[in-house]
Amino acid sequence: MSTGITMASMSTYAILGCGSVGHAVAEELVDEGKDVLILDQDEGRVEALRDQDLNARTADIADESIVSDLTDRDVVLILSPDVEANAAAVRHIRAADGEQFVVARADDPVSADDLTELGADVVINPSAVIADSALRALETGELEYKASQLGDVIDATEERMAIMVHRSPDPDSIASAAALRLIAADRDVEADIVYEGEIGHQENRAFVNLLGIELVSRGEVDLEDYDTFALVDAAKGGEPEIDRVDVIIDHYEHDHDHDATFEDIRPNVSSTSTILTKYIQELDLSLDQAVATALLYGIRAETLDFKRDTTPADLTAAAYLYPFADHDTLEQVESPSMSPETLDVLAEAIRNREVKGSHLVSNAGFIRDRDALSQAAQHLLNLEGITTTAVFAIADDTIYLAARSKDIRMNIGKVLNDAFGEIGDTAGHSTDASVEIPLGIFTGIETSEDNRDTLLRLTEEAVKSKLFEAMGVDSSGEGSNGS
């Protein structure tokens, strides 16, 4: 195609082969005021087209002489169901140095490749277009049906709704729960976001505080006060133990079977925030700025700013949320201040690091702030050549370990479960995981002021050995503390 021709300047069109597809395209172009010439070898069809006041001529589109009819055309759409004739038309146009923008019809991937090699600028496959359209229609209809089902469950609430998230929830969990609470509020149903553990990681605390998202600890509520229970983004970090579940919404499959009235589990998207955004769109709710900001951050956090396992659904959800979000607040959430203890833990982890290949394991000693481990593991992942990190420490008679990985060949959640699943409580997924191990079980020694150094040495030897073995790394050789 000539570089002097732009889509804006294209005003004359030729359609070669005017079956059902060509006819539909011709009518659309004529309705837009375009100059359209139709060439087809079926005389009866051409006559019928002329009766509709369309500019149609009889011609064999596979014949070389067709080129002379196209010299004044900017765009040629070759839409015959005969793919061999289409290929011949493309070949003749390009052999004559035709500079028209050529769109050609294929019927399978092989013929599409052939037409592209012959010089077609765009190749279309009507079957694929129809299938794609059918799938989009199915998705839209399914979402409408699901939204109606979800509404029915929420409407059946007589007292209050408890929205349960995984232990020590992350931004995706909190944002998804806030969105479900917004949906419930729109239906005049009061709901609480109930969590176990702690709101760890300074970034997560900043997220909750800056956006003003209210959560309640499970220890502060009586579950008897609720008559509807929802599990939202609860699978990956340890599901809360409750006797009854009415709603499950997640992007991870659950390990436990629940007899829930409503389930929407989509492993084909990267965040539960994406799923809840789709429901807000379907229900046409007015989007609160705080919830929009939370959902956008939830998607970004789960996809590592769209660099990990991002799907089209995640991108379209983020695009919808973007205009409603408070971007100044997002910037503050992403850059929380680092506490002095976190700096100390990071420094200790850097000093004690052991590197084997691209895997780094480090002992941070005795700590008070367990949240500092996850931040240290994340920071150490930025060291040159490092793809996987694990930082552990001792606090309150427990070994705490946080791990991160950007190695697409490794599932760090599975690594921790293989190494410590039988003696500890593991949680997480392929890139972000943690484990808690009772110190007495691991070492057989109770903690005291006199044996702290011994405990630390035994813990370091055992944890590193188990981790490197689970990572598939030989732990018998000499390690390195270099970066």
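Where is glycine 219 found?

## A glycine out in a loop

Glycine 219 is found in the loop between β9 (216-217) and β10 (228-232). One thing to keep in mind from the start: this is a predicted model. With a relative accessible area of 71%, glycine 219 is exposed, since anything over 50% gets that label.

For a sense of distance, pair glycine 219 with valine 122. They sit 97 residues apart along the chain, and their C-alpha atoms are separated by 61 Å.

Six acidic residues make up a negative surface patch: Glu158, Glu159, Asp222, Glu224, Asp225 and Asp243. Take glutamate 159 as one of them. You'll find glutamate 159 in the loop between α5 (126-155) and β7 (161-164), and its relative accessibility of 57% makes it exposed.

## Salt bridges

Side chains of opposite charge can pair when their charged atoms come close. In this model, the count of salt bridges comes to 22. Here are a few of them, starting with aspartate 69 and arginine 57, whose closest N and O atoms are 3.6 Å apart. Aspartate 69 lies in the loop between β3 (56-58) and β4 (75-78), while arginine 57 belongs to strand β3, so this pair ties together parts that are 12 residues apart in sequence. Both ends are partly exposed: aspartate 69 has 24% relative accessibility, and arginine 57 has a relative accessible area of 37%.

Next up is the salt bridge between aspartate 121 and arginine 94, at 2.8 Å from N to O. This pair links distant parts of the chain, 27 residues apart: aspartate 121 is in the loop between α4 (109-118) and β6 (122-124), and arginine 94 is in helix α3 (residues 83-95). Buried or partly exposed, what is aspartate 121? Aspartate 121 counts as partly exposed, at 33% relative accessibility. Arginine 94, on the other hand, is buried at 18%, because the cut-off for buried is under 20%.

Lysine 464 sits in helix α16 (residues 452-470) and glutamate 354 in strand β13 (residues 354-356), so to speak two distant parts of the chain, 110 residues apart. Both lysine 464 and glutamate 354 are buried.

## A buried glutamate and a buried leucine

Glutamate 341 lies in helix α12 (residues 340-351) and is buried, with a relative accessible area of 18%. What lies 2.8 Å from a polar atom of the glutamate 341 side chain? That would be the backbone nitrogen of arginine 368.

Leucine 49, in helix α2, is buried too, with a relative accessible area of 3%.

## Two aspartates with positive phi

Aspartate 53 has a phi near 65 degrees, which is a positive value in a residue other than glycine. Its place is the loop between α2 (43-51) and β3. Aspartate 53 is exposed, with a relative accessible area of 74%.

Aspartate 188 isn't a glycine either, yet it has a positive phi of about 65 degrees. Look for aspartate 188 in the loop between α6 (171-186) and β8 (191-195). With a relative accessible area of 74%, aspartate 188 counts as exposed.

Key: Residues numbered from 1 in each chain as written. Predicted model: local features only at pLDDT ≥ 70, side-chain atom pairs only at ≥ 80, totals over all residues. Heavy atoms only, no water. Patch = residues over 30% accessible without salt bridge, like charges linked within 9 Å, V, L, I, M, F, W, Y side chains within 5 Å. Areas by Shrake-Rupley, 256 points an atom, 1.4 Å probe, with all protein chains shown as cover. Salt bridge = Lys/Arg side-chain N within 4 Å of Asp/Glu carboxyl O. Lys, Arg positive; Asp, Glu negative; His and termini not counted. Charge placed at Lys NZ, Arg CZ, Asp CG, Glu CD. Helix = DSSP H or I, 4+ residues; strand = E, 2+ residues; numbered from the N terminus. Buried < 20%, exposed > 50% of the residue type's maximum accessible area, 1.4 Å probe, protein only. Polar contact = N/O pair within 3.5 Å; in protein donor to acceptor, adjacent residues only side chain to side chain.
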